[in-house]
Amino acid sequence: MKGSETRSSSSCAACKFLKRRCTPNCIFAPYFRSDEPTKFAKVHKVFGASNVSKILSEVPEEQREDAVNSLAYEAEARLRDPVYGCIGAIAMLQKKMVELQHDLTIARARLAHYASSSPLLNDDQAITLPPPIDPSPSSSSSGFPESFLLSQQPIWSDEDLN
Amino acid sequence: DYLSMNSSRCAACKYLRKRCPSECIFSPYFPPNNPQRFACVHRIYGASNIGRMLQQLPVYLRAEAADCLYYEAQCRIENPVYGCVGMISTLHQQIFSAQEQLAKVQAEIALINNAYTQQESSQFQQLDGLLSNLNNF
């Protein structure tokens, strides 16, 4: 009846998965609760336990929860779309952004045309256009392309991105 | 020397200090002239995960997959907290802002159109009245 090793009932999802004792200062325990077993399983499948542990140890403690959540998101994306992962989502969002900018340019031009030719407006009724938005997403200094050109259709749909 | 065994090892096998077989899963995507590329993906994913992920894909998709893994790894090294998920957040915010601006501009256009149509239709009504008076005359 008695098991050969005693596992603490508060063993985190990571230590349960890795079948090891969950120590009081386990780096995974605060972020991989035992009621979310698939979260660690996915992160482990893509990154591996030691890489996750290394990434977490390089991040200040107050930012580790965000780091884990973004790793979980990336892992989920990679498992859903083994070719493009998160890049698929980024490409779709960039495409949506380009379409919106195009629509906005046309709408502004129409508004400007109406504003200049409308007999209804007095001089004191000048229409103020909303300021133009910054066209490029803030890209990092490592020179990522402003738009990803993918040869295949990513698995992401509009509802996945909302 | 083109035929030298040492220089024909791919960046992965050089990094891992092992022999590079002819059917090496890494060699088409991690050429020896770019050692930083493999070092980067290895740091985030590890060699066996990269190898497994590439192996599970049809050959014609592996190059793109390797490129995406490299971009994501670079993002994660540069931004250890958010990685490339930071770009997704930023894009969501920009899209939301653009949609708001578009809705504002479209509302302004609709306002002008509406006012213009009302003015036009009252002018037509006046003209109609005038014409029917003329007919009766």
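The structure is a predicted model, in which local features need pLDDT of at least 70, side-chain atom pairs count only at pLDDT 80 or more, and totals for chains, interfaces and linings use all residues. Residues are numbered from 1 along each chain as its sequence is written, chains are lettered from A and ligands numbered from 1 in the order in which they are written, and side-chain values use heavy atoms, with hydrogens and water left out.

Read from the N terminus on, the order of elements in chain A is α-α-α-α-α-α. Of the 162 residues in chain A, 38% are buried; buried means under 20% relative accessible area, exposed means over 50%, and partly exposed lies in between, with a 1.4 Å probe and protein chains only. Among the contacts in chain A with a separation of 6 or more, 60% are between residues 24 or more positions apart, a contact being heavy atoms within 4.5 Å. Chain A has an accessible surface of about 9,600 Å², and carbon and sulfur atoms account for 51% of that surface. Such areas come from the Shrake-Rupley method with a 1.4 Å probe, and for residues only the protein chains shown count as cover.

For chain B, an unreviewed UniProt entry lists residues 8–109 as "domain: LOB". UniProt positions are given in the numbering used here, feature names are shortened, and annotations may be inferred rather than shown by experiment. In the model, this span of chain B is 69% helix and 0% strand, and its end C-alpha atoms lie 65 Å apart.

Attention now turns to charged side chains. Side chains of opposite charge can pair when their charged atoms come close. Over all chains there are nine salt bridges, each defined as a side-chain nitrogen of Lys or Arg within 4 Å of a carboxyl oxygen of Asp or Glu. One of them links Arg76(B) and Glu74(A), at 2.8 Å from N to O. Arg76(B) belongs to helix α4 (residues 59–78) of chain B and Glu74(A) to helix α4 (residues 64–80) of chain A, so this pair joins two chains. Both residues, Arg76(B) and Glu74(A), are buried.

Another salt bridge, at 2.9 Å from N to O, is formed by Glu72(B) and Arg78(A). This pair also crosses between chains, from helix α4 of chain B to helix α4 of chain A. Glu72(B) counts as buried because its relative accessibility is 1%, and Arg78(A) counts as buried because its value is 3%.

Within chain A, Asp35(A) pairs with Arg33(A), their closest N and O atoms being 3.3 Å apart. Asp35(A) is exposed, at 55% relative accessibility, whereas Arg33(A) is partly exposed, at 45%.

Most residues other than glycine have a negative phi. Lys19(A), however, has a positive phi near 55°. Lys19(A) sits in the loop between α1 (13–18) and α2 (37–46) of chain A and is exposed, at 64% relative accessibility. In chain B, Arg17(B) is not a glycine, yet its phi is positive, at about 55°. Arg17(B) lies in the loop between α1 (11–16) and α2 (35–44) of chain B, and its 75% relative accessibility makes it exposed.

Methods. Helix = DSSP H or I, 4+ residues; strand = E, 2+ residues; numbered from the N terminus.
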